[in-house]
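Here's a quick tour of one protein model. Have the sequence and the 3D view open as you read.

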Amino acid sequence: MSTNSTLLETLPEDSWTGDFAPDTVSRATAALEGGQVLYFPHLAFRLEEAEQPLLSESVGDGKSKNISFDPARGILRGAAEDVAVSRALHGVLDRFAKQARALVSGALPGYKDHLEWGLTSYRPARVEGRVTSWRKDDTRLHVDAFPSRPTRGRRILRVFANLGESGRVWHLGEAFEAVAGRFAPAARLPLPGSAWILETLRIVKGRRSAFDHVMIQIHDRMKADQGYQEQAIREQAEFPPGSAWIVFTDQVSHAALSGQFALEQTFFVPITALAKQETAPLRVLEKTLGRGLV
């Protein structure tokens with residue numbers, strides 16, 4: 001499997017830990033904040049021999065599309081009701097969370113002291129052929145927004161890695177500025193008091209800002225617009241077995257077309273940690289709509 005997308009910034013590192021050379025750090029930061037994907041073709045996350053049985057769809061509970069782990073609290077959800085499986089998954093996801101944080105800290109040291117833990121996820125099921133609603137269909141181009149977890153302008157930074165012999169194929173779409181220009185003007189701003197109600201009723205975890213409200217609508221409108229899905233500019237990116245990649249999924253329009261046994265680590269990054277705040281979706285949307293959103 002090979003990849004030829006112009007939206008990938010390829011880095012040769014093969015270790016999850018260690019400092020990167022200053023010129024590599026500068027190049028990685030500029031590429032990531034500019035809407036590219038940092039691609040590590042030689043960076044494998046390896047399972048121990050005793051962990052190989054986790055390469056099976058049966059390790060999930062059959063209801064959730066992924067198995068999630070909260071590294072801040074050590075809580076595992078979505079796994080099969082098997083003590084040995086749960087223990088093994090806990091170990092693997094905890095190890096991946098720590099290695100992903102070390103990788104981001106080395107490649108993007110400007111973010112190191114500002115990273116906020118999100119969830120660690122393992123997706124043992126195949127992407128292709130999964131039956132779901134259009135809103136949850138990740139084979140459709142979209143930018144990430146979390147309905148139940150407001151970011152209030154923080155960036156959504158994700159680290160991905162393939163397990164076993166499975167690779168992953170994505171589509172990467174147009175720049176966020178183009179997405180915002182197409183979908184943001186039609187987005188409705190929240191009704192007065194609605195954010196307080198959602199938080200009070202615990203429908204969302206925290207106070208949703210106008211930014212979150214607009215981003216959720218952009219996510220949904222992108223996925224629901226069949227004409228856009230068929231005609232939008234895109235490039236195909238292939239991530240072979242033994243590779244890893246880092247991307248701001250709130251900025252990069254993406255769709256997962258195929259793959260299995262993928263690990264994901266989510267971090268939240270305040271825009272004050274960015275080298276160029278103007279590239280953040282918050283700033284782009286504020287410029288597009290001509291008003292503050294947080």
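What follows covers the ground rules, the sheet, its helices and one glycine.

## Ground rules

This is a predicted model, with local features needing pLDDT of at least 70 and side-chain atom pairs counting only at pLDDT 80 or more, while totals for chains, interfaces and linings use all residues. Residues are numbered from 1 along each chain as its sequence is written, and side-chain values use heavy atoms, leaving out hydrogens and water.

## The sheet

Eight strands make up an open, mixed sheet, in the order E1-E2-E9-E6-E11-E5-E3-E4. Strands (E, at least two residues) and helices (H or I, at least four) are DSSP runs, numbered from the N terminus; two strands pair if DSSP finds at least two bridges between them. At the edges sit E1 (8–10) and E4 (75–77), each pairing on one side only. Direction ignored, neighbouring strands are turned by 20 degrees against each other on average.

Look at E6 (residues 155–162) and E11 (residues 262–269): they run antiparallel, joined by eight bridges. Arg 155 stands opposite Val 269 in E11.

## Helices on the sheet

Helix H1 (residues 22–33) packs on the sheet, touching E1, E2, E6 and E9, and its direction makes about 55 degrees with that of E9. Helix H2 (residues 83–107) packs there too, with E4, E5 and E11 among the strands touched, at about 50 degrees to E11. Contact means heavy atoms within 4.5 Å. Axes are lines fitted to C-alpha atoms, for helices over the stretch in contact, with angles from 0 to 180 degrees between N-to-C directions.

## Gly 173

Gly 173 lies in strand E7 (residues 168–173). Is this glycine, Gly 173, buried or exposed? Gly 173 counts as buried because its relative accessible area is 13%, and buried means under 20% (exposed is over 50%, partly exposed in between; 1.4 Å probe, protein chains only). Leaving aside neighbours within four places in sequence, Gly 173 is in contact with Leu 7, Leu 141, Ile 233, Arg 234 and Ser 253.
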